[in-house]
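Here is a friendly briefing on a model with its ligands. Have a look at it first, then walk through the notes below.

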Amino acid sequence: MTSPAAREVRHITCTLCEAMCGLEVQLDDSDAIVSMRGHEEDPLSRGHICPKAFALQDLHDDPDRLRAPVVRAAQGTWKEVSWDEAITYAAQRLSAVQAEHGDDALAVYLGNPNVHSLGALTHHPTLVRLLRTRNRFSATSVDQLPHHVASWALYGHQYLLPVPDIDRTALLVLVGHNPMASNGSLWTVPDFPARRRELAARSGRLVVLDPRRTETAKVADEHHFVRPGSDAAVLLAIVRELLEDDLAAPAEYVHGMERVRDAVAGFTPELAERVSGMSADAVRRLARDLAAAPSAAVHGRMGVSTQAHGVVCQWAVQAINILTGNLDRPGGTMFTTPAVDLIGRGVLSPGGFGSKRTRVRGLPGFGGEFPVSAMAEEMTTPGEGQVRALLTIAGNPVSSTPAGHRLDEALAGLDAMVAIDFYVNETTRHADVILPPTSPLERDHYDIVFHLLAVRDTARWSPALFTAPAGAKHDWEIARDLGTALLRERGGGLKQRWSRATLETEARLRLTPRRQLDALLRSSGARLSIAKLEKTVAGADHGPLKPRLPGRLSTADRRIDLLPDLVAQALPSLLTTLVTAPAPAEGELLLIGRRHQRDNNSWLHNATRLTRGKPRHALLANPDDLAARGIRSGDFVTVRSAVGEVRVEVEASADLMPGVVSLPHGYGQARDGVRLRNAVDVPGVSMNDLTDPSVVESVSGNAVLNGVPVTVEPAART
Ligand SMILES: Nc1nc2c(c(=O)[nH]1)N[C@H]1C(S)=C(S)[C@@H](COP(=O)(O)OP(=O)(O)OC[C@H]3O[C@@H](n4cnc5c(=O)[nH]c(N)nc54)[C@H](O)[C@@H]3O)O[C@H]1N2
Ligand SMILES: Nc1nc2c(c(=O)[nH]1)N[C@H]1C(S)=C(S)[C@@H](COP(=O)(O)OP(=O)(O)OC[C@H]3O[C@@H](n4cnc5c(=O)[nH]c(N)nc54)[C@H](O)[C@@H]3O)O[C@H]1N2
Ligand code: SF4
Ligand SMILES: [Mo]
């Protein structure tokens, strides 16, 4: 219904999470938003909207959001400068460090919102390449790196990530994933709650494995507690049961099943019970249910990715789907057929471990990046190749990466730092200059990443809701201008300046995202264009997911080797680790993370409508664990890990598995008493002051954010 005050109804896509919901926005005569709701006609999101969407407006209106570049001045103050000045200064600062200490002295960190911005995706790879540094980091290695490694090893491409076909499945198993709060991840599944209800209406079942009885566990048919970090034992036992009981029926393009049988023989359901707490009977039953269901889909996410055995977990999830014949089957896990096919077109690199390792600890690089757990030590360890400057783009690693408090100190010691971000945050506060892009409501958008991961094949163009103010720059324009300025600063004489490579890079930076996208759409199988999509408003609907294998595989022989070398090598030592695992130390608890529907990593705490209500930053703990320590719900406690300690309120919750405590990440805004945001004062501490960068996922070097050993003691109230 149109509100009486509304002059115009517009349709855009929400860019705040992976669900890419279509929104219907009503504007009044002065272009103010009068209402925002889900767009009923959207074939994918079907009218869904969550409370977070309103943050788009709060963000847009937030007085703290930077609208002009700022340069750091004395005593934590900032001075606005012109774009020309800011870009020149930024390029000079970074180039000076590279000129003196070599290209690798500059590191770059790309944060999560880059994947939610068309212009960032079209332009930042070019900007990053022209920096010529090996020290590239991103939020991938505090998140989904194990998924990429598993997909690369099995399917030949890091982005061939199958998604559960929730709309047709009979059995959905979620491991370490809480879509009731997160709205789905590596799985674009808008309106999970309604889709879950439809599953129930079809007599389908939902099973959840999680150390916390999460919002998703509460709507499941079955929930099993698993001790943090122990999922590999459970998942491998399921693989074993499928093979031992001859329940496996993989497609003919799968080979290596016999080798898998041998490799997992020692991972019994009894071992799984001992390390995870999930009963051997329940493990066996789940294996049989998965094999017997007409269709089934297992999806493992953050909880099994950001932990000690993430790659083996993600491999085992795939192996279960493959062995039960559910990979590529309607109702199983399927690949998409996106209109803009970045995989098929060869735009996205297939990934792979390179020969490069980090200088200090020798962690492996994957897909051209190093694990971010190594970033701070690369800055603080002296020697040839030491990192002395940083460019961050849409990121907040002080809040989001292990031992953020140490990184905070390391950043203070850098020779130069530049940030592309519209907030002064825990990280960007160290920058010499901050270059702020337009707000998400001021730019055109098309989800070239999340259409790759969606539960239905659709294509939706989202025109900017508002015209960007005169002089403002989009992310891509900042990349263009900074990139060009860096090339000019670099010198090397006329020969370098007019070299073919330089001219090509500059030309690529000048090509607008709109033109790049239009070319991709026009040459797509569906022969789309932006003009065509503009006419469809709700987006083109190409229907449910379609079987794509073996044609879609990127492996050399178009087959799947079920036991890639890196898994074969990891399993024997994993077995030894699990069999000989010592009992937890006296008094030790395992810390896990959690997300809330109204939070978004570290950066929406200024959205007044999201921060209202009961505080949600407390440490959650099982009442028995609190009683054993003489702690009452509401008390302040000191939480200590190997790398740090925080003081925070505790809340008793029987939803936590005994021995497990939970904190959300992204809290803890004020550091050194410096208040970074004015609009809202959000209490809480940073979970990443406790996570330990020296403990990483065993194959990929991904951060371990779950299952962190901590102690909890009463603390004084003040
Ligand atoms: N302990 C623990 N740590 C975690 C996690 C966890 O579960 N537990 N989760 C991890 C995960 S999954 C992720 S993805 C990371 C996220 O880690 P990061 O990406 O490092 O951090 P964010 O909090 O997403 O901060 C994003 C920044 O980008 C800015 N920004 C937003 N939109 C734009 C834009 O369009 N352009 C530009 N230039 N800037 C923009 C925001 O202002 C904000 O400062 O955190 C990880 N850290
Ligand atoms: N509202 C909201 N939505 C978001 C975000 C947000 O910050 N807020 N962030 C977005 C981003 S960047 C991402 S990557 C996605 C992440 O989306 P999810 O993967 O759903 O992320 P989490 O909610 O952290 O869920 C991880 C789950 O794993 C469980 N867990 C922890 N350790 C273990 C373990 O060892 N084993 C098992 N089995 N489970 C474990 C936790 O209890 C938790 O329920 O969400 C996205 N959506
Ligand atoms: S679910 Fe995600 S995409 Fe949908 S409205 Fe909420 S934040 Fe936006
Ligand atoms: Mo993420």
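Helices (H or I, at least four residues) and strands (E, at least two) are DSSP runs, numbered from the N terminus. With that in hand, helix 6 is followed by Ser203, which has a positive phi near 65°. This is a predicted model in which local features need pLDDT of at least 70 and side-chain atom pairs count only at pLDDT 80 or more, while totals for chains, interfaces and linings use all residues. Residues are numbered from 1 along each chain as its sequence is written, chains are lettered from A and ligands numbered from 1 in the order in which they are written, and side-chain values use heavy atoms, with hydrogens and water left out.

**Ligand 1**

- A backbone N or O atom of Asn112 lies 2.6 Å from an oxygen atom of ligand 1.
- A polar side-chain atom of Asp421 lies 2.7 Å from an oxygen atom of ligand 1, and an N or O atom in the side chain of Asn425 is 2.7 Å from an oxygen atom of this ligand.
- Taken alone, ligand 1 exposes 910 Å², of which the protein buries 97%; accessible areas come from the Shrake-Rupley method with a 1.4 Å probe, and for residues only the protein chains shown count as cover.

**Ligand 2**

- Ligand 2 has 30 residues around it, with Ser182, Asp210, Asp231, Asp599 and Asn601 coming nearest.
- The shell of ligand 2 holds 8 nonpolar, 15 polar and 7 charged residues, and helix 5 and helix 12 (302–305) each supply at least two of its residues.
- On the side-chain side, a polar atom of Asp210 lies 2.6 Å from an oxygen atom of ligand 2, and an N or O atom of Lys52 is 3.2 Å from a nitrogen atom of ligand 2.
- From the backbone, a polar atom of Met302 is 3.2 Å from an oxygen atom of ligand 2.
- The protein covers 97% of the 920 Å² of accessible area that ligand 2 has on its own.

**Ligand 3**

- Ligand 3 is surrounded by Cys14, Leu16, Cys17, Ala19, Met20, Cys21, Cys50, Lys52, Ala53 and Asn183.
- By class, that shell has 8 nonpolar, 1 polar and 1 charged residues.

- Helix 6 (residues 192–201) has Phe192, Ala194, Arg195, Arg196 and Leu199 buried, where buried means under 20% relative accessible area, exposed over 50% and partly exposed in between (1.4 Å probe, protein chains only).
- These buried residues pack (contact means heavy atoms within 4.5 Å) against strand 9 (171–175), helix 5 (179–182), strand 10 (205–209) and helix 7 (215–218).
- Arg212, in the loop between strand 10 and helix 7, is buried with a relative accessible area of 8%.
- Asp408, in helix 16 (residues 404–412), also counts as buried at 8% relative accessibility.

Notes
Near = heavy atom within 4 Å. Nonpolar A, V, L, I, M, F, W, Y, C, P; charged D, E, K, R; others polar. Polar contact = N/O pair within 3.5 Å; in protein donor to acceptor, adjacent residues only side chain to side chain.
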